[in-house]
Amino acid sequence: MEYITKLKRYLVGFSLATGLCFTVAVNAADQSQDSATTTDSIHFHVSYKSKVEPLPLNRIHSWILHVDTLDGKPVEKAVITVFGGMPAHTHGLPTEPEVTEIGDGDYLVEGLKFSMTGIWHLWFNIRAGDVTDKIKFDIEF
Amino acid sequence: MQASIIGKSCTVFWACCLVFSCLVYTAQAAQDQGWSESELALLRLQWLGSLPELPPDPTNKYADNPAAAEFGQKLFFDNRFSANGKVACATCHIPEILFTDGLSKSRGVGEASRSAPGIIGVAFSPWFFWDGRSDSLWSQALGPLESGVEHGGNRSQYARIIYNDPVYRKVYEGLFDPLPDLSDIRRFPENAAPVGDQASDEKWHEMSETDRKAITRIFVNIGKAIAAYERLLMPGPSRFDMYIEALLEGEPTGTKVLTADEVAGLRLFIGKAMCVTCHQGPLFTNHGFHNVGAPDSATKRPKYMLPLFYVLKDKPPVDVGRFKGIQQALESEFNCLNEYSDAKKEDCAELKFANKKYTGTLGAFKVPTLRNITKTAPYMHTGQFKSLADVLKHYNTAPRAHVGRNELLPLNLKEKELEQIEAFLHSLSSPPDVATELLRNP
């Protein structure tokens, strides 16, 4: 009887350990929000990749933002501004990120910082020629 | 050969059993306490064992120099560095009460406008002062030294103390650079500084730029030595940390270090009460700035005064907190980008990208650590609340901010739940993890 109880414990432990590993992997994938994470607006197809993965909490870091047209051509010479915040706490970003163009539709976003746990909304206002559009990413810590 | 393989297989088998046993007991201990895996992951982040190595301070090349720290400790306790010879850093940062002073508004040569925060673990923060008007620990140390109500002295006076003290002079010149010849009073007046009264200011501007920089460099090195000492003041493990350690190591008996009410308080802290959103990480602070609608004691209407008279009364300016603090940091002659900083331009990201807009900074103050919070009353930047019960009551109702917008949402917790959070906060007390000889005047 005691043997069965012990066996049960091992099984519970094994399941929890496997579950934990799985959860950690899923969370890491969620947080890294790599280039597979894209958002479409009316005019653009946008993806980002953080230079630090998984996304760090409470640390200044940079992203590479990639902007394509909906038919897959890189958008160049766009003017991009960043804004956002935590809707649940009605406050904005703790930093003022800056965006500079790298080339081939890539843009360097410097000075990003997520200082609290919870849901953040990060908006990119993209103006390319006569076209202006907004893209939102939801980030959760 | 076969025996060796069997032996190795047995070793692998027992190793697997050991790993599984650990996992079982960890999961068991956490389950017994009713923590989910995600809660346990969050609790681990709050555990002192998760505190990373102290990051380097690129603005201060002496930051981790033991000789500088030793010198800094002497300066920290030295009363001569004040206008009346009675005020040292340790006057308001008293080691016996965890480097606080127990006052709502600290007292140096006069009364300061805010409360002195504790400095244990402060070196982990990118910003200093309640409003973050300094972006390095050494530049923070210089602020009170030249404040008219704190130390009340000036940089020329302090440079002269080091020059005239043979022991200090030898240590200083061994660490930094040879001191200029300060015996020439016409070239180096005794009380010349860009702060304080008009006479000091005039004398300061009569000095050559080279001499002004020489004095300022000595002043800066004083700050850098004090910062090197302050970087050694690390927090020690509390009952909360023992509890988390017991959970992580799967020792159910070890978790008895917290009472049922304290555990319930911890559950609220990371859950319904949302305290952990800002008091996050092993120091229980995100080092950020938030408007929590703390009442402004300076502009509060006294109970005896009718509202009409209060409206007509002359009032002190409203304390806008971080909104002004960031402007001061950007203008400071001692910020990360300035010539007295040892940092490269790329090391100054916090200053470069800091939020300067009024939204998010107006009425916002730095999130303090909650470690030892029950021993460091009163609370908030001007000690507006005398007890933790008052603080929790404030958070529970989230009143309108007197300036800017209160980021808090009403918690609507029951009386019992507030008591449980307070009980939990008691588990965060611990002596600092600092050698005894660092806690006294050397």
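Tutor: Let's start with a term: a crossing is left-handed if the near helix is turned anticlockwise from the far one by less than a right angle, and right-handed if clockwise. This is a predicted model, where local features need pLDDT of at least 70, side-chain atom pairs count only at pLDDT 80 or more, and totals for chains, interfaces and linings use all residues. Residues are numbered from 1 along each chain as its sequence is written, while chains are lettered from A and ligands numbered from 1 in the order in which they are written.

Student: Okay! How many helices and strands does chain B have?

Tutor: Chain B has 16 helices and two strands; these are DSSP runs (helices H or I, at least four residues; strands E, at least two), numbered from the N terminus.

Student: And which hand is the crossing of α5(B) and α9(B)?

Tutor: Right-handed.

Student: At what angle do their axes cross?

Tutor: Roughly 115°, with the axes of α5 (residues 137-145) and α9 (residues 209-230) of chain B coming within 7 Å. Axes are lines fitted to C-alpha atoms, for helices over the stretch in contact, and angles run from 0 to 180 degrees between N-to-C directions.

Student: Which residues make the contact?

Tutor: Among them are Trp138(B) and Leu142(B) of α5(B), and Phe219(B) and Ile226(B) of α9(B). Contact means C-beta atoms, placed from the backbone, within 7 Å.

Student: New topic: what share of chain B is buried?

Tutor: Buried residues are 44% of the 442 in chain B; buried means 20 or more other C-beta atoms within 10 Å of a residue's own, with C-beta atoms placed from the backbone.

Student: What box do the C-alpha atoms of chain B fill?

Tutor: Roughly 90 × 75 × 40 Å, taken along the principal axes.

How values were computed:
Two residues are in contact if their C-beta atoms, placed from the backbone, lie within 7 Å. A residue is buried if 20 or more other C-beta atoms lie within 10 Å of its own, exposed if 12 or fewer, and partly exposed in between; C-beta atoms are placed from the backbone.
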